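Hi,

Here is the structure I promised to pass on.

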Amino acid sequence: MTSRRDFIRISGLGVGGLAVSATGYGLYRDLAKSPLKGSELSVDTTRTPTYCEICFWKCAGWVYKNEEGKIWKIIGNDEDQHSNGRFCPRGTGGPGMYFDEDRLKTPLIRTEARGKQVFREASWDEALDFIAEKMKGIAEEHGPECTALLTHGSGGKYFGDLIKAFGSGSIAAPSYAQCRGPREVAYYTTFGEGVGSPERTDIRDTKCLVLIGSHLGENMHNGQVQEMSDAIDKGAVIITVDPRFSIAASKSKYWLPIKPATDLALLLAWIHVIIEEEWYDKEYVAKYTFGFEQLKDHVKQMTPEWAYGITTLAPDLIRKSAKEMANAAPAVIIHPGRHVTWYGDDTQRSRAMAILNALLGSWGRRGGFYNPETVAVPSWPHPPFPEPKRTWRDAFPGQYNLAYETIASGICDATIPALSRACNFKAWIVNGTNLLKTIPNSKKVLEAIHELELLVVIDTMPMEITGWADVVLPECTYLERYDTIRDSPHRKPAIALRMPATEPLYNTKPAYWIAKELANKMGLGEYFSWNTIEEMLDWQLKQLGSSLEEMQRIGVKTFERSYDDLYFQPEQEMEFDTNTGKIELYSTALAAEGFDPLPKYTPHEEPPQGFYRLNYGRAPMHTFSRTANNALLKDLMEENAAWINPKVAGEWGIKNGQYIWLENQDGVRSSFPIKARVTERIRWDSVFMVHGFGHTNKKLSRAYGKGASDSELITKVLTDPIMGGTGMRGNFVTFKFEPKEEEAAS
Amino acid sequence: MREEIIVSGRNNYLIDPHLHIWHWQIPLYLFLGGLAAGILFFAAFFTLMGKEDKYKAAVKIAPHIVPWILVIGLFALLLDLKHKLYFWRLYTTIRLESPMSWGAWVLMLVTPLSFIWSAIHIKEIFPKWNWKFKILTDLETFLIKQKTPIAWVMGISSIILGVYTGILFSAFNARPLWNTSILGPLFLASGLSAGAAVIMLFATKHKERTMFARIDIGIIAVELFLIIHMFMGFLASTQVQIDAAGLFLGGPWTAPFWIFVVILGMIVPVFLEVLELRKFKIPVVIPAGLVLFGSLMLRFLISYAGQESRWLY
Amino acid sequence: MRYAMAIDTRKCVGCSDCVVACQTENNVPIGYCRDWVVEVTDGTYPQLELENRSERCNHCANSPCVRCCPTGASHYADGGIVLVAHNKCIGCGACITSCPYDARYSHPDGYVDKCTFCIHRIKKGLEPACVAACPTKCMYFGDLDDPKSPVSEVLKVRKYKTLIPEAGTDPQLYFLI
């Protein structure tokens with residue numbers, strides 16, 4: 001009997017990554033490679049492989065240099081399953097990151113009070129000694145557990161090892177509790193496995209793609225947008241549920257212009273229809289699931305008519321779209337989304353989506369969800385990490401037991417002293433994440449920062465968070481360094497190499513160097529006992545049957561699946577990593593923690609008179625707040641706009657292109673004005689803006705003052721009780737026509 | 001409601017938000033070219049009519065300024081070029097479909113001719129002029145004998161010069177405001193009218209002045225007819241032409257056009273010249289100056305407004 | 001041989017990868033672009049339709065820019081591709097004014113520049129940079145005289161339009177609708 005449960009435990013797929021020994025994974029076979037299109041090699045002089053760092057998709061590609069040896073362009077690696085040889089606009093705009101003259105150039109040490117942003121340049125030795133001293137001091141006084149690493153970059157692996165060697169277990173990526181955490185927990189409790197990154201959605205073979213608020217196309221998940229395009233070519237149907245007419249909505253057969261915050265009602269009504277009309281996959285449900293009768297009973301009263309009253313979607317539209325999904329089943333995907341921290345009941349909403357997928361039998365089927373496989377890259381041998389005496393969980397006793405990754409916002413909360421806690425976090429190392437635009441309620445983040453004894457920020461650009469640091473360490477960009485071997489899960493297990501295309505500019509250094517030097521200074525050098533990074537990478541690659549030399553030539557190596565099949569085989573007995581061993585429509589894990597085992601609809605706060613719900617999202621030219629200063633990408637989009645419905649604009653007398661200020665329900669006004677875009681594409685009760693603009697750090701010469709920041713307007717946080725996710729869509733804004741009188745603190 | 005936007009942030013210098021690639025240099029050159037064409041035409045015409053001495057200002061005085069205004073005009077053109085070092089490429093080929101190529105070659109012909117005309121009449125304004133070199137004196141004698149063929153060539157090429165300034169614009173079908181074949185004759189008429197005005201300024205004899213006043217009135221009448229015809233044509237044409245005409249019929253260029261070009265540049269001078277013919281004493285500077293002003297403004301406005309008119313977005 | 005490009009508006013998401021790819025491939029100066037993306041929305045909420053188009057020089061078969069160039073710098077190259085010979089261009093701007101698509105711009109170095117269908121890549125058997133980069137693969141390029149080329153194949157089976165055909169320029173950039 002094939003047990004995904006065992007496989008997960010062995011491979012560490014999705015569960016924080018366990019160190020694995022190399023044996024058993026040395027088997028591979030080369031895929032027959034198709035010859036390169038045309039003769040790119042003869043056109044261009046030199047090219048080096050890399051994988052992109054601009055977003056988290058990590059597409060593998062080639063960096064080309066011109067005759068003068070300067071970086072010229074970046075294109076995709078044809079062998080890469082993430083990019084299929086085509087990069088997205090951010091990846092193509094990578095050279096802009098390298099050439100950005102506003103980059104951090106040298107280590108900086110704070111000389112005046114935190115926040116005054118006065119630094120002096122320091123040598124690497126000085127800066128690292130400073131950090132080592134402080135860390136030792138904190139370990140002696142409070143314990144090494146009071147340090148935390150907050151990371152969203154490839155360097156996180158090295159700093160993570162450092163922190164673990166130091167004795168702390170608190171490593172958090174904001175992508176968990178600020179982004180995809182609720183869906184991971186929801187899918188874990190339902191299917192025994194998370195969704196993962198990249199998502200295991202078989203979009204290219206699906207017949208029906210259902211997007212709940214997900215805006216693929218503006219949200220530029222490279223592989224997924226590519227597969228969506230393939231699906232469109234094959235005649236797939238798209239159903240989009242979104243209060244805004246997104247690009248995906250414009251390509252949809254059914255666009256459900258739902259009232260914001262009511263998605264759960266729609267999902268429950270769909271479940272009701274699919275069960276009552278018996279459109280669900282009876283064989284699949286009988287064989288693989290648990291709790292069907294409880295589910296059927298639970299949704300008995302949740303008719304489309306009931307949902308109509310809540311969502312304003314016509315009942316027959318709900319029925320027609322459900323039928324569309326059922327017709328396509330099992331090649332149907334209720335897309336789990338990515339950033340799902342909306343209203344605080346997000347785990348339950350994701351549960352409803354998982355249940356719908358299970359009813360339609362798409363999990364583990366072609367056109368639905370495939371079984372991904374990873375290459376387990378062995379770790380360089382090191383002494384065992386010390387066992388931390390406390391972890392972040394001790395700051396939240398009894399809470400968030402189902403969260404299996406660290407909650408970044410939790411670390412933030414646990415930095416502020418509280419009577420209920422014996423100790424707080426004293427030091428943060430922040431790598432590759434602009435915390436002030438990531439964790440909502442930035443006032444609280446700043447409060448936490450003020451309580452820190454040490455804040456180290458390692459970044460490539462002078463983002464807002466660097467202004468608050470005690471020590472700023474300049475990391476070189478991904479185009480100038482080696483990094484860990486990419487081992488993301490996909491249909492076939494594969495690895496990708498990042499190697500430098502050029503020497504680091506200025507006095508910047510790669511993450512592995514910083515971590516190793518710092519480890520040496522802290523007496524933890526034995527955890528980084530390799531001499532050069534090339535030696536380490538070559539050793540790892542040789543364990544996998546490759547070598548550094550080979551990977552430098554080919555960039556990406558794909559292996560054959562060795563564990564199980566891409567999809568469930570018929571007649572296959574399956575065991576799922578849940579309490580019952582089955583797909584749990586009724587969640588025993590949630591019930592055990594005292595939460596609703598079946599999702600319920602709860603109404604959420606609506607905007608008061610004169611206010612509009614703040615809806616934020618992505619544009620395909622930018623990634624978070626990272627790329628606003630990139631000259632190539634700023635050329636495409638240099639500021640965001642507030643989308644306002646024409647009826648609303650008419651009431652307020654706002655003209656298209658006029659600059660206005662947004663003020664939220666807590667009286668916080670945006671620091672900079674934002675251009676109004678009067679468009680029919682947005683509902684009259686909402687305002688939409690792209691996230692990542694409104695930079696307040698003057699060192700970002702191109703991005704400073706352009707557009708407005710949605711993060712500063714997200715002051716009300718709706719916390720998900722199940723796993724601590726920070727729901728951000730409970731904020732409402734009104735329009736103002738002049739800036740606030742007093743100076744806003746940056 | 002239709003919302004049409006460029007989402008990739010296009011902001012090409014001189015192209016966006018609307019085309020504004022030609023600035024003062026081009027209308028100035030067109031005006032000077034038209035003026036030169038007008039003066040040279042009358043000089044040639046009256047020479048061929050045998051009325052050289054009757055219309056001395058036209059034939060022997062006014063043409064002296066032409067070489068210099070052509071030089072100024074060509075210099076303005078050179079300033080406008082963005083790849084100046086390559087300007088000589090204009091003279092490596094004749095492209096019959098390109099009015100700009102015609103213009104380059106016509107100027108190549110007219111400018112030397114105007115210098116020659118000025119040279120053979122130099123003694124009218126500098127009676128004691130001495131060429132100093134025997135070869136130049138011989139050349140002068142030779143050219144004076146060839147006056148008739150020179151006048152023919154000058155007459156025809158000055159008409160081409162006058163018309164080409166308008167055809168230059170009308171060949172650009174991408175700018176709907178210019179895409180009318182009336183623009184050629186209109187600019188020719190405007191140039192002739194400006195030439196007549198300058199000749200009036202230089203004329204000392206009353207007969208010559210009245211003759212040119214009459215010519216000017218006639219040409220302005222033709223111009224007004226052409227302008228009305230032009231708008232009728234636009235309004236009866238496709239949507240982009242209707243929108244283009246709208247720039248002058250309620251759009252941002254309405255007031256400057258009707259006030260500067262039509263009223264001050266055409267109607268008031270006609271009125272004054274009629275009064276002059278009715279024996280009222282009007283200082284000739286006023287109507288002549290207004291005509292020149294109107295001619296210049298016509299070219300400025302057509303140039304700037306035309307760049308605003310467009311097919312897309 | 002007649003080169004042409006077709007863009008599938010059903011698949012284009014307006015990501016503007018074509019713009020950045022062209023910029024890096026052809027060293028287009030920052031602040032200028034050879035191609036751009038247009039988004040058209042029609043209707044009233046919630047009855048809406050949207051179209052995305054990646055636009056550039058249409059390499060017209062009856063191009064006014066070639067016609068009006070006084071020095072012959074704007075000329076037809078292989079397959080009808082409209083090119084500008086930098087060493088013949090005087091920067092007069094006639095071609096810029098004559099393009100109804102506003103596809104040309106004045107390069108800071110003085111000459112006039114625009115999309116070249118990446119002729120330097122076509123000569124080596126590659127596709128233009130924008131077509132090769134597009135993540136949705138919505139762009140098709142090839143020789144219209146070759147019935148097996150991607151653009152010929154797709155124009156055979158899909159409805160298409162060109163921009164302002166009434167301008168009379170016979171554009172070779174087709175939009176599949």
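The notes below cover the interface of chain B and chain C, and then a sheet in chain C.

A word on conventions: this is a predicted model, in which local features need pLDDT of at least 70, side-chain atom pairs count only at pLDDT 80 or more, and totals for chains, interfaces and linings use all residues. Residues are numbered from 1 along each chain as its sequence is written, chains are lettered from A and ligands numbered from 1 in the order in which they are written, and side-chain values use heavy atoms, with hydrogens and water left out.

**Chain B against chain C**

Contact (heavy atoms within 4.5 Å) links 40 residues of chain B with 48 residues of chain C. The two chains bury about 4000 Å² between them, and 55% of that lies on carbon and sulfur atoms; buried area is the accessible area (1.4 Å probe) that two parts lose on being put together, summed over both. On the chain B side, the residues that lose the most area to chain C are B:His83, B:Arg89 and B:Trp311, together 14% of what that side buries.

The interface has four salt bridges (a side-chain nitrogen of Lys or Arg within 4 Å of a carboxyl oxygen of Asp or Glu). One of them joins B:Arg310 to C:Asp102, with the closest N and O atoms 3.3 Å apart.

Strand S1 (2-6) and helix H4 (99-120) of chain B each supply at least two residues of the side that touches chain C; helices (H or I, at least four residues) and strands (E, at least two) are DSSP runs, numbered from the N terminus. The largest share of that side, five residues, comes from S1(B).

S1(B) also pairs with strand S2 (residues 36-44) of chain C, antiparallel and over five bridges; strands count as paired if DSSP finds at least two bridges between them. In this pairing, B:Ile6 stands opposite C:Val38.

**A sheet within chain C**

Four strands of chain C make an open sheet with mixed pairing, in the order S8-S1-S10-S9. Its edges are S8 (139-143) and S9 (160-161), each pairing on one side only. Strands S1 (residues 3-8) and S10 (residues 173-176) of chain C run parallel and are joined by four bridges, and C:Asp8 has C:Leu176 as its bridge partner in S10(C).

Helix H6 (residues 150-157) of chain C lies across S1, S8, S9 and S10 of that chain, at about 115° to S8(C). Axes are lines fitted to C-alpha atoms, for helices over the stretch in contact, and angles run from 0 to 180 degrees between N-to-C directions.

Best wishes
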